[in-house]
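Thanks for coming, everyone. I'll keep this short. Please have a look at the structure first.

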Amino acid sequence: MAVSQSGEVARLITERTGREVELVPITSHGDVNMAQLTQIGGTGVFVSALRESLLRGEVDFAVHSLKDLPTGDAEGITLAAIPRRDDPRDALVGANGAKFADLPPGARIGTGSPRRASQLQLLRSDIECVPIRGNANTRLGKVASGELDAVVLAHAGLARIGRTDEVTEVFEPDDMVPAPGQGALAVECRTSDTELAELLAAVDHAPTRAAVTAERTLLAALEAGCSAPVGAYAAGTGQLRLQGIVAGHAPGVDETAGNADASRVVVREFAEGDAADAAALGRDLAARMLARGAARLISAADAAKSNKDDAHD
């Protein structure tokens, strides 16, 4: 998938600037370590190796899935371009063509995302979410083998590897809010390389940049990491409609005592604003969510992750 999306950006750059691009494969810690992301440092593990190579001058620019990019600034690195976003939605691949509603009671659904797991269980409390890692082909293989009843993956990722024909259902953003930046790519270069930054700007898509800025600013303002069940999605040109969600269990409730359903809590908010003020829109919506208790849900998710990590030590 990484090679596919990098090739996509390379073709776009050549098409718009006439400059040829050479692809340089780099393997990250997240690619070779099959532990859960919450145990090995979050989505940033996919980014660090590329950034280190960039800063060493081994490559001129790097392409990331934007949802993997930490929200904080990286010293010496500029986010030079965000191309037009692909489909931001989540997709279900069910065994034997099954849609979500058709899955049997107690169905085992594979996902490595706390965000997806929490929202799936809001839609159907009877299903079991099974943490999985590995590339998309590996995950899809677990459905084909019968190990899982279904998996949920990003539709854009499946499209990039030519596997959308296996999708049995696509979740609309109002039903399952995507991850901040899902479906978008990020192109980074060294801050000192101003000429290259200007060249890469040729593939930047202003409406996509505004939308993901609102989403990522909300995530940063919530001070949430990869272990937090946070979704954010903005859409629109000129005017943005932003929605954010934090879903989880109320802290202090014993989920094993038969009252897990009653303990589920959702903080969901919507806002609209000018795309030119995308960052302010994200901060304002985050403030409203925090006022409704989002921080407690995020803290509870972090605590639950820590307990699981301790159990695996």
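Let me start with one pair. Gln 243 stands opposite Phe 270, and Phe 270 belongs to strand S11. One caution before I go on: this is a predicted model.

Now the strands around that pair. S10 covers residues 239-249. It is joined to S11 by 11 bridges, and the two run antiparallel.

What is the order of the strands in this sheet? It reads S9-S10-S11. The sheet is open, has 3 strands and pairs them antiparallel. Which strands stand at the edges? Those are S9, residues 230-235, and S11, residues 264-274. Each has a single partner strand, so one side of each is left without a neighbour in the sheet. From one strand to the next, the twist averages 10 degrees.

Next, the helices. Helix H9, residues 206-221, packs on the sheet and touches S9 and S10. Its direction makes about 155 degrees with that of S9. Helix H11, residues 278-291, also packs on the sheet. H11 touches S10 and S11. The angle between the directions of H11 and S11 is about 150 degrees.

Last stop, a loop. Asn 96 is found between strand S3, residues 90-94, and strand S4, residues 108-110. Look at the backbone there. Phi of Asn 96 is near 55 degrees, which is positive, and the residue is not a glycine. Is Asn 96 buried or exposed? Exposed, because its relative accessibility is 85%, and the cut-off for exposed is over 50%.

That's my tour. Over to you.

Methods:
Residues numbered from 1 in each chain as written. Predicted model: local features only at pLDDT ≥ 70, side-chain atom pairs only at ≥ 80, totals over all residues. Heavy atoms only, no water. Helix = DSSP H or I, 4+ residues; strand = E, 2+ residues; numbered from the N terminus. Buried < 20%, exposed > 50% of the residue type's maximum accessible area, 1.4 Å probe, protein only. Pairing = 2+ DSSP bridges. Axes fitted to C-alpha atoms, helices over the stretch in contact; angles between N-to-C directions. Contact = heavy atoms within 4.5 Å.
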